[in-house]
Amino acid sequence: MKEVEGFGIPSPFFMKDNKLMRLNEKDNEEEFISRQIPYVTKCFDDIEKNNVQYELKWFNDGKVYSEVVPAIALATKREVIALANKGLSSNDRNARHLIEYFDLFLEKNKLKRSVVVSHLGYVGNHFIHPLIESKFRIVPPDEGEIQRLKAIKCSGTVEDWITNVLEPLYDNPKALFPIMASFASVLFKEFDLSPIIVDISGISSSGKTTVQKVCASVWGKPSGYISSMLTTKVAIERIASFLNAFPLILDDTNTAHDKKALQQIIYLFGNGTGKMRGSLDGSRGTSSWQSVFITTGENNILEYTNSQGSAARVIPITNFKFINKTADYFTLLNQNVELYYGSIGLEFIKRWGNHSERFKSRFKELTNLFQSNTNNNIMRRIALHFAFIVYVAEVLNELFKDEGMKIPVSDFKDLFNAICSENDHVDRAKNVLIEILEELDANRNHIFAEYESNSGIHAIFNKNGLYLTIDYINKRLGEDAKQIRQAWMNQQLTLEQKNGRKIVDYKAITHKKQNFRVTQVNPEFIEEQGFNFSRNYF
């Protein structure tokens, strides 16, 4: 057949009736090996992992099957048998002979070698996009990655996308910002930015998923590019690594298997590296990425976290909604994102490559502008990424001005100010303490004042003020206890105590002849927040 012309079957194997046979040299008898004849047609060198992969082809009922497999798949019995999952006639009986066949086939046939990569985005100084011709072939490691690769394609023109998808959103900066983040994602590595999460939250049916579809349409077909948060941390790590520089877009944090795992996901993605794993041969390579993660949910994703560090890894777009839009508006927009996609992102990469130098100085100016608007350390960290995304919006207006792109960039300054005022999580430690005080205020039977409660002692109240028991704090805060307690003391929300030469947040007290290890809440903070735990209120 044409697909395998020029390849010879090595002796003692031969083809008979389109089946793979073998001549037993001891008794000169013909042995049936497989009902299909596999051909090794190409050899690929993975330059990042320093390993070899092969392209296998075989025929069955007139159909051509093609698979790219690691070299070990042709060399060990277990891996050869596993090829049955791909449709090859391999089994426990013939695996040993197939291993011999593959080895002899590679000796007889000299294969042309090519270079492969297992992810998109940056490989050295090269940017890998499936529609940009390069010397690299993209070989996704699994089905989830294959789905994303197939989704990155083009439909319609740049003008179609701008007119029918982007322009209807010009009056909503909360919708435009994550779309700009989708563009910005592919430049994070070039500007050495750490990964960031852009989270869109608001009431049900407010248009969040529609905006996510627009974000995905920058690079490809939304229905194939987006998937649900109903997944695992390992799956998120693998998809993020495969996309590498392209944005990871997952819908609806409410569907997450375990809401408590969302904090770990924030840290996992924000750190930009996967979990180190071992193997029988030693530690495996660690995956990495520098990109944007766009999420949606009815609740701000930070609601599921306790740690202060989470807030530095998320740009929260809260209270999201469209104003004065009809059902026809959303129907048309949802139709358009499935008609016009991919062309704008592809053209953006090309034009950026040709004109990037003339824009770069503007990023520093915008960073200074946004960082000067806040004194909060967490917001200053967020301001760096926010400024970069706004910078990309300005660049887009320049690159596509002939096509009529006019993103109202000035609206993003008001959006940043709104995030500063609305984002309680930038001071997560303070808000956790307020939550604890609110819980104690509502359930005063947990406070040991005059009488000990049978419901569990969370706090002690005496003439000197309110004390939280260390046991309760550590259970309440879990793995974040040390970090949050330190933040409380640094902000003077709890009082410093001396322990020898050390300054700590705890001390031992005796109350009603019982000993407790406690931290004292600053009375001034309690009063400032409007709480009163005096005996008159018990």
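Strands β1, β2 and β3 form an open, antiparallel sheet of three strands, in the order β1-β2-β3. Its edge strands are β1 (13-16) and β3 (29-34), and each pairs on one side only. Direction ignored, neighbouring strands of this sheet are turned by 40° against each other on average. The model is predicted: local features need pLDDT of at least 70, side-chain atom pairs count only at pLDDT 80 or more, and totals for chains, interfaces and linings use all residues. Residues are numbered from 1 along each chain as its sequence is written, and side-chain values use heavy atoms, with hydrogens and water left out.

Helices (H or I, at least four residues) and strands (E, at least two) are DSSP runs, numbered from the N terminus. Two strands count as paired if DSSP finds at least two bridges between them. Strands of a sheet pair through backbone hydrogen bonds, either parallel or antiparallel.

The bridge partner of Phe 13 is Arg 22 in β2. Strand β2 (residues 19-24) also pairs with β3, in the antiparallel sense, over five bridges. Here Arg 22 stands opposite Glu 31 of β3. The hairpin of β1 and β2 has two residues between the strands, and its Asp 17 takes a positive phi near 55°.

Two further backbone exceptions occur. Most residues other than glycine have a negative phi, and most peptide bonds are trans. Asp 61 is not a glycine, yet has a positive phi of about 55°. Asp 61 sits in the loop between β5 (51-60) and β6 (63-70). The peptide bond from Ser 11 to Pro 12 is cis, with omega near 10°. Pro 12 belongs to the segment before β1.

A second open sheet has five strands in the order β18-β19-β20-β24-β23, with mixed pairing. The edge strands, β18 (447-448) and β23 (507-511), each pair on one side only. Strands β20 (residues 465-469) and β24 (residues 514-520) run antiparallel and are joined by three bridges. Tyr 467 stands opposite Gln 520 in β24. Helix α17 (residues 470-477) packs on this sheet and touches β20 and β24. The direction of α17 makes about 60° with that of β20. Axes are lines fitted to C-alpha atoms, for helices over the stretch in contact, and angles run from 0 to 180 degrees between N-to-C directions. Contact means heavy atoms within 4.5 Å.

Helix α3 (residues 143-151) packs against helix α8 (residues 233-243) at an angle of about 40°, with axes 10 Å apart. The two helices are therefore oblique to each other (under 35 degrees counts as roughly parallel, over 145 as roughly antiparallel, 65 to 115 as roughly perpendicular and the rest as oblique). The crossing of α3 and α8 is right-handed (the near helix is turned clockwise from the far one by less than a right angle). Helix α3 contributes Gly 144, Glu 145, Arg 148 and Leu 149 to the contact, and α8 contributes Arg 238, Ile 239, Phe 242 and Leu 243. These residues divide into four nonpolar, one polar and three charged (Ala, Val, Leu, Ile, Met, Phe, Trp, Tyr, Cys and Pro count as nonpolar, Asp, Glu, Lys and Arg as charged, and the others, Gly among them, as polar).

Overall, the protein comprises 19 helices and 24 strands. Its radius of gyration is 30 Å, well over the 24 Å that the globule rule gives for 538 residues, so the protein is more spread out than a compact globule. The radius is taken over C-alpha atoms, and the rule is 2.2 Å times the number of residues to the power 0.38. The C-alpha trace spans about 100 × 65 × 45 Å along its principal axes.
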